[in-house]
Amino acid sequence: MRPSPIMINRRPAKPGILASLLLWIVILCAAAIGLAQIRAPQPVASDAAPHRFSAERALADLEAISREAHPVGSAAHDEVRDYLLQRLRELGLTPEVQRTTSVSVSGHTTADVENIVARIEGKAGGGAIMLAAHYDSTPGGPGAADDGAAVAAILETVRALQTGEPLGNDLIVLLSDAEENGLLGARSFVKEHPWAKEVRLVLNFEARGNQGPSFMFETSERNGWLIEQFSKQASSPVAYSLIYNLYKLLPNDTDFSAFKEAGMQGLNFAFGNGMNAYHTTLDTVDRLDKSSLQHHGEYMLSLTRHFGNSDLAQPQQTNDRVYFNVFGSAMATYPQSWAVPLAAIAAVFYIATLIHGFRSRSLTLAGYIGGFAAALASLALAFGIAAAAWSGLSRFFAEYRWMLESDPTVSNPFFWSFLCLTVAATLLVFGFLAAKMRTENGWAGSLLLWLILTVATSYLLPGGSYLFVWPLLFSLIGLNIAFRTGTTEWPAVLGAIPGILFMAPIIHIVYMLMGLPLAGALCLLTALAMTLVIPAVRSFPLAKGWVAPLVMLAVSVAIAAAASWNVMPSSSHPNLSQIVYFKDADRGRAIWASGQTPDNYTSALLAEGTSRGDISGELPFLTGGLQSFVSQVYFNDAPVYDEPAPEVEKMDDAVNGDRRTLTLRIRSLRQAEELTFTTNAKMTVYGASVNGQPLIAETRQVEADDPFSFKHIGSGKNGIELRITVGRNDDVRFYAADCKYMLPNEVPQRPEELISYRDMTFVFKHYQM
């Protein structure tokens, strides 16, 4: 009897080395096309047409904004504020300064906020669109990328808009203050400024590095309409709903968080490569990727023109969408509600494929189970080896760990070394341990992993479900073709193309934003992607046995060895060097403290007798983050420099029944940027306010080891007015401290191969009222 075609199980000869190389060329081309999505547009010259955005034109403003660090409370901050006001006036706007004292959600931080706001009236009204960026920097760096690039881009966008027809909707410009101190400027705007109620849509711009494309990484809730408009109207859009879903799981915030809490619709943008510039002295104009600035500006201009002429009078919120780049700036998007039905279709298709495979005798139960086990083993091996390699690398180069984590010129070769380790692990499992396994079994077993991930993400992380469901569906098509034809290599590779296209940019983005500490997870994703091309892996003539794994292992070791010569601080890739000066004005004693292993700069200040341990007990005014900083530091006695303690003046002392209200003026005699108040006794705090802004909402019982404390930023010459109500008979004792964002003048400058984001001088003194 002649067999049915479905029972045919052809076994053609495996492709030769040239055919195998062609398969791998297709795979690498798919990865390259995927990575090509992650690029910024070329900067436009200053002689471009007036209606276009030009990064070169914006640079003039950026150079003025980011000449030096300009944190809240510094003289440089005032200079940047005045410059921005002048530039907005030159552009034909009438800017205003919203001055207020802002209090963080926790009540532990307050600041003198100076938001810059301006408005361009639209023709039709019906709501306003807002461009937002913060103009303050951290103490550690000039802030050219974070967030000077966005501020300069707003100025250039306003200039370009003024060359055309007025928008239909009003345009509000918000250059917020004190973002680096807890979004205090944005929170003050949404809480106190009357324009906030008119904002229908906000576009916020940020940075977490100084290079790379600008991603749209966050949206307001129910983003369907926004994503549809963004994908069609944005210039060179780059966005992935998986990144947004992952970002929501992290404890990170930008000003956009305050806008979302106020119920505003909007989109949030940032570029994030070059993390070694983030909050450091490397965040300068000359190190900024001009393409990143151009990308910011093209988003601003295209989206402002579009939304500025859209009907924003009615709410446009619809259900969330899945979205991702496919080819270059071409985006795919569909309702997030499709995630579960697509997973169900994939599950049914997978079951049907198994039935096809077993009926055609292409699959065996034992082989299928072995294929699944082999896929799990390859992922576990890749994760374990990469995690162990990172652990060993970070221990061996402990003094330079910050460079390994943040500097791409140092970390990139090691990342490629880890990827070679992943390839070696996959080749080992599928080329040696599974040498007797039929290719279809290994392929089908691996796809079970993809099905599990598809189902899990469709419920738990629907914005990321696309990363698994579409590669699974296309690979199942390829597997069914293989069952019919008996040819596995080309059906596998062609079916894997969507998976390679989608996975390559995600691996790159996560590495770019998080660095080598996530090496284990990144290599696990790489190994997962390789399971899609198991037939191509196994078809290579040298894939079986130890030869190919050993070759890739040798390549990995060679890359790591060569890269190790670059792990040394230099002017092109400096290392972090942190040291803080603490002075106890009561005891006339001072301490140096550093969180990093002593280097050739800090070791000279720490000198002989350096210890490592917890010095929080020596610094009773510290709470919060700084208290954790000094829990494990290198420290030693320091010279007692002439740095005066803050001054506390009792302005009023009133008793009413069983309560006592003290009004104190706390002032830094050296005009430090921060003031800290920390109680040091048992008392009942019924209420407290700084410059009229309340700090606590309810009565609080305070102990010496559980103090009432807050930090004020931007005290300047006048200091702050603190009003605190306590029990009538309470012993009111507290520490007043100030912090200046520099080391004492007597300290020598750091060499150029070392940088810091935390040069600070604290002086504290105990008071009793």
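1. A friendly place to start is the charge pairing: the count comes to 29 salt bridges, with a side-chain nitrogen of Lys or Arg within 4 Å of a carboxyl oxygen of Asp or Glu as the criterion. Please keep in mind that this is a predicted model.

2. One of these pairs joins R81 to D78, and their closest N and O atoms are 3.3 Å apart. Both partners belong to helix 3, which covers residues 75-90. They sit three residues apart there, about one turn of the helix.

3. The peptide bond leading from D146 to D147 is cis, and its omega is near 10°. D147 itself is part of helix 4, residues 144-161.

4. You will find A178 in the loop that runs between strand 4 (170-176) and helix 5 (184-192).

5. Now to the helix packing. How do the axes of helix 16 and helix 17 cross? Helix 16 (residues 489-514) and helix 17 (residues 519-530) have axes that come within 10 Å and cross at roughly 170°. Angles over 145 degrees count as roughly antiparallel, so helix 16 is roughly antiparallel to helix 17.

6. Which residues make that contact? From helix 16 come I500, M503, I507, V510 and Y511, and they meet L522, L525, T526, L528 and A529 of helix 17. Sorted by class, the contact has nine nonpolar residues, one polar residue and no charged ones.

7. Helix 16 also takes part in a surface feature. L22, I25, W490 and L494 make a nonpolar surface patch of about 360 Å². Helix 1 (17-36) and helix 16 are the elements that give two or more residues to this patch. L22, for one, has its place in helix 1.

Terms used. Residues numbered from 1 in each chain as written. Predicted model: local features only at pLDDT ≥ 70, side-chain atom pairs only at ≥ 80, totals over all residues. Heavy atoms only, no water. Axes fitted to C-alpha atoms, helices over the stretch in contact; angles between N-to-C directions. Helix = DSSP H or I, 4+ residues; strand = E, 2+ residues; numbered from the N terminus. Parallel < 35°, antiparallel > 145°, perpendicular 65-115°, else oblique. Contact = heavy atoms within 4.5 Å. Nonpolar A, V, L, I, M, F, W, Y, C, P; charged D, E, K, R; others polar. Patch = residues over 30% accessible without salt bridge, like charges linked within 9 Å, V, L, I, M, F, W, Y side chains within 5 Å. Areas by Shrake-Rupley, 256 points an atom, 1.4 Å probe, with all protein chains shown as cover.
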